[in-house]
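Q: Hi, could you go through this structure with me, one piece at a time? I'd like to pick a residue to begin with and then ask about the rest as we go.
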Amino acid sequence: RSGAGPAYPARGEMDAAIAALDRHCPGAAARTVAAADRACAHVFDLLGSGPVPLGDAIDWHADFKSGHRYDPGAHATRIAPARFPGGHDIKVPWELSRCQHLAWLAQAWRLTGDARYPREFAAQVSGWIEANPAAFGVNWACTMDVAIRAVNWLWAYHALAGSPALTDDFLLRFEKSLLAHGRHILGNLERSGRVTHNHYLSDLVGLATLGMLCPEFREAARWRDFALRELWREMEKQVHPDGVDFEAAVSYHRLVTESFLVPVLLCRRQGIAVPDAVMGRLERMIEFVLHYTRPDGGAPS
């Protein structure tokens, strides 16, 4: 519980951030709590599905849009997307198992102090771990999704620090799964060929986050050092000198910008030096976001 060092804002910093949110983005806090309430009710709106209630027990292996269920007992290497002309979408369980909604639970707890949000976090993560043994099932088939899940779990966990819902028993199961996540990422890096892209970048962000926030793992320092070294190289490879992602799409640019921000923020909080060239290009990436963002906060597709 004590090994990671400063990673997330202290209580005073969090209070200041909440006050700034209310001042600059009125209504955002209420929208976050409403999103957390939907996550607690297991109602999800993914990939154009519209709000769909998934019931008391979330089926992490189902494409709930088509009704298709991927075999949870199949090794991840034997699971593939539907062949042409389709019929089911593997990205639905992938998107759900990225667990991006867990950040809302953590934020809602910070905003309201309601204990049901950390309890729901612990219940969903425990249920996911039980239903998804390492390397088996659809949710281990894409390394990028494994890495994104690890990042989301860790951000939510640290934002929930101090809640009695995070018991020792839960933490042990959580750590075991995070260790499996890190080993899976390192063993299945998505860097075939000369050109790397956002998948490999996401893999590295997952490894770097695990390496910095889980120093209790023997592999942590090796994960951190490898991932940060590769990330700084990828900044030069994937981002043009003017600060625009080479994949030339606004949505990918936003994804890549967020992907670099995660390890950079953690490095700065842990006193790890970030190369000046990386910081300069990241600043230009954010400037591009400023220029493509409309006055109403939207962005072109």
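Q: Let's begin with G87: is it buried or exposed?
A: In this predicted model, G87 has a relative accessible area of 64%, and because a residue over 50% counts as exposed, G87 is exposed.

Q: Where does G87 lie?
A: G87 sits in the loop between β4, which covers 68-69, and α3, which covers 91-97. The C-alpha atom of G87 is separated by 7.1 Å from that of S66, although the two residues are 21 residues apart along the chain.

Q: Which residues does the cis peptide bond join?
A: The cis peptide bond joins F84 and P85, with omega at about 10 degrees. P85 is in the loop between β4 and α3, and G87 also lies in the loop between those two elements.

Q: OK, let's zoom out: how many helices and strands does the protein chain have?
A: The protein chain has 11 helices and four strands.

Q: What about the radius of gyration, what does that say about the protein chain?
A: A compact globule with 301 residues would have a radius of gyration near 19 Å, and the protein chain has 19 Å, so the value agrees with that expectation. Taken along the principal axes, the box filled by the C-alpha atoms is roughly 45 × 45 × 45 Å.

Q: What share of the residues is buried?
A: Buried residues make up 48% of the 301 residues in the protein chain. As for the surface, the protein chain exposes about 15,000 Å², and carbon and sulfur atoms supply 55% of that area.

Q: How much of the contact count comes from residues 24 or more positions apart?
A: If you take the contacts in the protein chain with a separation of 6 or more, 72% of them are accounted for by residues 24 or more positions apart.

Q: Changing topic to charges: how many positive and negative side chains are there?
A: There are 32 positive and 34 negative side chains, and the centres of the two sets lie 3 Å apart. The count of salt bridges comes to 11.

Q: Which residue forms a salt bridge with E13?
A: E13 forms one with R269, and the closest N and O atoms of the pair are 3.3 Å apart.

Q: What does the salt bridge between R116 and D37 tie together?
A: The side chains of R116 and D37 meet at 2.6 Å, N to O. R116 lies in helix α5 (residues 116-131) and D37 in helix α2 (residues 28-40), so this pair ties together parts that are 79 residues apart in sequence. R116 is partly exposed at a relative accessible area of 31%, and D37 is partly exposed at 29%. Through salt bridges that share partners, D37, D114 and R116 are joined into one network.

Q: And R98, is that one buried or exposed?
A: R98 has a relative accessible area of 16%, and because buried means under 20%, R98 is buried. R98 also forms a salt bridge with E95, where the closest N and O atoms are 3.8 Å apart.

Q: What is E175 in contact with, leaving aside its neighbours within four places in sequence?
A: Leaving those neighbours aside, E175 is in contact with E216 and F217. E175 has its place in helix α7 (residues 168-187), and with a relative accessible area of 18% E175 is buried.

Q: Last topic, backbone angles: what is phi of H42 near?
A: Phi of H42 is near 60 degrees, which is a positive value in a residue other than glycine. H42 is found in the loop between α2 and β1 (43-44), and H42 is buried, with a relative accessible area of 10%.

Q: And where does L47 lie?
A: L47 lies in the loop between β1 and β2 (52-53). Phi of L47 is also positive, near 55 degrees, and L47 counts as partly exposed at 41% relative accessibility.

Definitions and conventions: Residues are numbered from 1 along each chain as its sequence is written. This is a predicted model: local features need pLDDT of at least 70, side-chain atom pairs count only at pLDDT 80 or more; totals for chains, interfaces and linings use all residues. Side-chain values use heavy atoms; hydrogens and water are left out. The radius of gyration is taken over C-alpha atoms; the globule rule is 2.2 Å times the number of residues to the power 0.38. Buried means under 20% relative accessible area, exposed over 50%, partly exposed in between (1.4 Å probe, protein chains only). Contact means heavy atoms within 4.5 Å. Accessible areas come from the Shrake-Rupley method with a 1.4 Å probe; for residues, only the protein chains shown count as cover. Lys and Arg count as positive and Asp and Glu as negative; His and the chain ends are not counted. The place of a charge is taken as NZ of Lys, CZ of Arg, CG of Asp or CD of Glu. A salt bridge is a side-chain nitrogen of Lys or Arg within 4 Å of a carboxyl oxygen of Asp or Glu.
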